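Please consult the sequence and structure shown here while reading.

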Amino acid sequence: MCPIARTGLSSSSVTVDPALPRLRACTVAIDDPGDLLDYLAEASDVAWIRRGDGLVGLGVAARVDVASLDDGAEWWKALSARIEHSTELPGAWGVGPLAFGSFAFDAGHTASTSVLIVPELIIGRRSGQSWLTAISADGHSPVLPAKAPDSDGPGRVEVRPVGLDAAGYAREVGRLVERINDPDSELAKVVLARALRAMGERPVEARWLAKRLASAYPSCWTFHVDGLVGASPEMLIRAEGGLATSRVLAGTIRRSDASQDEALADALSGSGKDLEEHEFAVASVANALRPFCSGMNVPDAPFVLQLPNVMHLASDVTGVMAGAFSALHLAGRLHPSAAVCGTPTAAALAAIAEHEHLDRGRYAGPVGWIDTHGDGEWAIALRCGQIAQDAASITLYAGCGIVGRSRPDAEVAETEAKLAPMLGALGVSPGAALGRS
Ligand SMILES: C=C(O[C@H]1C=CC=C(C(=O)O)[C@@H]1O)C(=O)O
């Protein structure tokens, strides 16, 4: 049995639902367990990996479907108050009992649920320190399980559009550009997405995809929660000990070969159309975060973030929190940012519903984890796909910010570049999947 030495969170001001379980958590330091993704075995297991470090969660100690980020924040706050935690690593950020979650982009326009999962066992590693946390009703001690065996992957994969095909997407981009340029319209930017369904010869497995994504896109946050798997470059909100950080991306150029990188980076940072897209995204995040901060740093100009497939204009917005705000509470204020929705928000949401012809599900919604102190990391679920319940297929998504100067053919090409990570992880050549040889 794991001795209970201290509790995880003060329960002041939390209304405790008696239906919530009482849980005991025990954290122990361990030797390096190797590749964390090797431990993923079941579809309910969760993962959060960057540069080889991170977290995997196995089994389910508690799970809830919630209607909103705020409902999720309340549920976790109440459950946290019922978790007793003993730990060999007191004070270490993100170490201990956690909830992992994935939220729908627009709860009002989707058949998808939003979910929070508290795993029974968390295996973590950060900066050379590894640990195990067990969470259960009886407070048993954590034990490192055997690594799960590798599968053969999905085999031959067939890809088809869901909703709009490339020509339909280009047509809707053209219509949006006309609307945005109409002097009577309040619309300034709309992020329009498209989707592909990839069907495997064998089941599509999160672990297979996550391992390939984590190795090909190490600087991105590779995630898996409830069938949503991807490698996102965009951090909606990271909360650590009173500091809030958001990595805002908008404005994209496709990479070709390394000899072109400098010219491409110059072209991107000098592109008026991309800078306009980016400014809307930064303003939406900075304005939403400001009321919760006593001080903020909003960069005057973006830097160029280089990924294997694309370059993005990027800004790291930081703030010192003016109170104890949880990462999920802040995610609820920031989502949907103009990086995935548009400006102004309500008009952009309505335009998305009208022009996109797609249920986004959890694509472009927050995905991440939260600890019992309210700290955590919530990325925007981009460069991702949702595995079907029967694992026979995965739906892949990509979107682009449309402004008055956008060109339909260039936006189609940009969605193709953004689909490349998931297609590559599935072993499909993006050219073949998109009807180009
Ligand atoms: C909406 C997506 O990307 C966003 C993040 C970075 C750059 C973007 C852009 O340049 O349009 C998008 O705002 C996506 O990947 O599906």
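## The F292–F325 pair

In this predicted model, F292 has a relative accessibility of 13% and therefore counts as buried, the limit being under 20%. F325, at 25% relative accessibility, is partly exposed, because this value falls between the 20% and 50% cut-offs.

The structure holds five aromatic pairs. One of them joins F292 and F325 in an edge-to-face arrangement, with 5.0 Å from centre to centre and 80° between the planes. This pair links distant parts of the chain, 33 residues apart. F292 belongs to the loop between α5 (272–289) and β17 (293–297), whereas F325 belongs to the loop between β19 (310–321) and α6.

## The Y363–Y397 pair

Y363 and Y397 form an aromatic pair that is stacked: the centres are 5.1 Å apart and the angle between the planes is 5°. Y363 is located in the loop between α7 (345–355) and β21 (366–371), and Y397 in strand β24 (residues 393–402), so the pair ties together parts that are 34 residues apart in sequence.

Y363 counts as buried because its relative accessibility is 3%, under the 20% limit. Y397 is likewise buried, with a relative accessible area of 8%.

## Charged groups over aromatic rings

Two arginine–ring arrangements may be described here. R50 lies over the face of W221, and the distance from the ring centre is 4.1 Å. The charged end of R360 is placed over the ring of F105, at 4.3 Å from the centre of that ring.

Where does S337 lie? S337 is situated in the loop between α6 (327–334) and β20 (342–343). Is S337 buried or exposed? With 1% relative accessibility, S337 counts as buried, since the threshold is under 20%.

When neighbours within four places in sequence are left aside, S337 is in contact with S284, V285, G342 and I380.

## The annotated domain

An unreviewed UniProt entry places the feature "domain: Chorismate-utilising enzyme C-terminal" at residues 167–418. Over residues 167–418, the chain is 33% helix and 35% strand. The end C-alpha atoms of this stretch are 17 Å apart.

Technical notes: Residues numbered from 1 in each chain as written. Predicted model: local features only at pLDDT ≥ 70, side-chain atom pairs only at ≥ 80, totals over all residues. Heavy atoms only, no water. Helix = DSSP H or I, 4+ residues; strand = E, 2+ residues; numbered from the N terminus. Buried < 20%, exposed > 50% of the residue type's maximum accessible area, 1.4 Å probe, protein only. Contact = heavy atoms within 4.5 Å. Phe/Tyr/Trp six-rings, centres within 6.5 Å; stacked < 30°, edge-to-face > 60°. Lys NZ or Arg CZ within 6 Å of the ring centre and 35° of its normal. UniProt positions renumbered as here; feature names shortened; annotations may be inferred.
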